[in-house]
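Me: I am new to this structure and would like to learn how to read its features. Please show it to me, and then I will ask.

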Amino acid sequence: MLLGDLARLADDSMRGRASGTRENMQARAFIASRFDQLGLEVIGAGRVQPFSFVDRRDSTTIAAANVVGLVRGTELPERYMVISAHYDHVGVGRPVNGDSIYNGADDNASGTAALLALARYFKANPARHSLIFVGFDAEERGLQGARAFVAAPPVELSAIVLDVNMDMVGHSERGELYAAGAARWPVLRPTLEMVAANAPVKLLLGHDTPVPSPGDDWTMQSDQGPFHQAGIPFVYFGVEDHPDYHKPSDEVGTITVAFYVNAVRTVLQAVKALDASGIR
């Protein structure tokens, strides 16, 4: 199901899922339908939570929406962990070798399919904390979905103890998955190091400080950024850029399947360990 969901989201018919397009809305409807089928609770403004933003390129207003579902915690139901991934990509653009559809299989159909897999697991096996699953829109337009969520959260912002964000978890020839966040939030380091010691993939901690160069710091490069700015700890799971990043060649066929499956298993282990740790 994980691989099938990824293939559906990254299919040519989705035309790159750019925010504001019909295909983006189709991806949104697919995620919402899966949340409904799984029986995730509806919280806040509804299953689909609309927002709008001004496109920096031409100053037009784009209507977008996040998809949100809840699995109630067994022991700490009023403390919330957010599990997130963005479902938008960059759409149709300049052709490369005759292909103009930027499918975004790794970026970020991989994270979105993982989000659905984790939602399925935790619906059957609830965590101690309540888990809010969010498919963010408009990450590629400046983290707009995450900014909208943090500005108008479905629960009190003070009750959110952590964001676990997945963005590009499906393509690594070297078998390396990064967990960023421990340098910014040292309380997370012992748990993440414990997970890394037994992870199904090579889990590395890093990309969360401006050293050795500002470009190595991923803190504000995906949807965990607005949570960090709001004082909420985060763990960002992702791979380093690869030759297919933001190119039409980011297709299902370039996903490193064994790595991807084990990367999702690693994120699952981390969420369970972070849930057990109490976080803060």
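Me: Which exposed residues does the face of α5 turned away from its buried side carry?

Reply: This is a predicted model, in which local features need pLDDT of at least 70, side-chain atom pairs count only at pLDDT 80 or more, and totals for chains, interfaces and linings use all residues. Residues are numbered from 1 along each chain as its sequence is written, and side-chain values use heavy atoms, with hydrogens and water left out. Buried means under 20% relative accessible area, exposed over 50%, and partly exposed in between (1.4 Å probe, protein chains only). Helices (H or I, at least four residues) and strands (E, at least two) are DSSP runs, numbered from the N terminus. The face of α5 turned away from its buried side carries Pro190 and Ala197, both exposed.

Me: Which residues of α5 are buried?

Reply: In α5, residues 189–197, the buried ones are Thr191, Leu192 and Val195. They cover an arc of only 95° around the axis (taken from the directions from the helix axis to the C-beta atoms), so they lie on the same side of α5.

Me: What do the buried residues of α5 pack against?

Reply: Contact means heavy atoms within 4.5 Å. The buried residues of α5 pack against β9 (202–205), β10 (234–238) and α7.

Me: At what angle do α5 and α7 cross?

Reply: Axes are lines fitted to C-alpha atoms, for helices over the stretch in contact, and angles run from 0 to 180 degrees between N-to-C directions. The axes of α5 and α7 cross at roughly 145° and come within 10 Å. On the α5 side, Thr191, Met194 and Val195 meet Thr266, Gln269, Ala270, Ala273, Leu274 and Ser277 of α7.

Me: How do α1 and α7 pack?

Reply: Helix α1 (residues 2–9) packs on helix α7 (residues 257–277) at about 110°, with the axes 11 Å apart. The two are therefore roughly perpendicular; angles under 35 degrees count as roughly parallel, over 145 as roughly antiparallel, 65 to 115 as roughly perpendicular and the rest as oblique. Leu2, Leu3 and Leu6 of α1 make the contact with Val257, Tyr260, Val261 and Val264 of α7.

Me: Where is the cis peptide bond?

Reply: The cis bond joins Asp107 and Asn108, with omega about 0°. Asn108 is found in helix α3, residues 105–124.

Me: What is the phi of Leu143 near?

Reply: Leu143 has phi near 60°, a positive value in a residue other than glycine. Leu143 sits in the loop between β6 (129–136) and α4 (144–151), and is buried at 5% relative accessible area.
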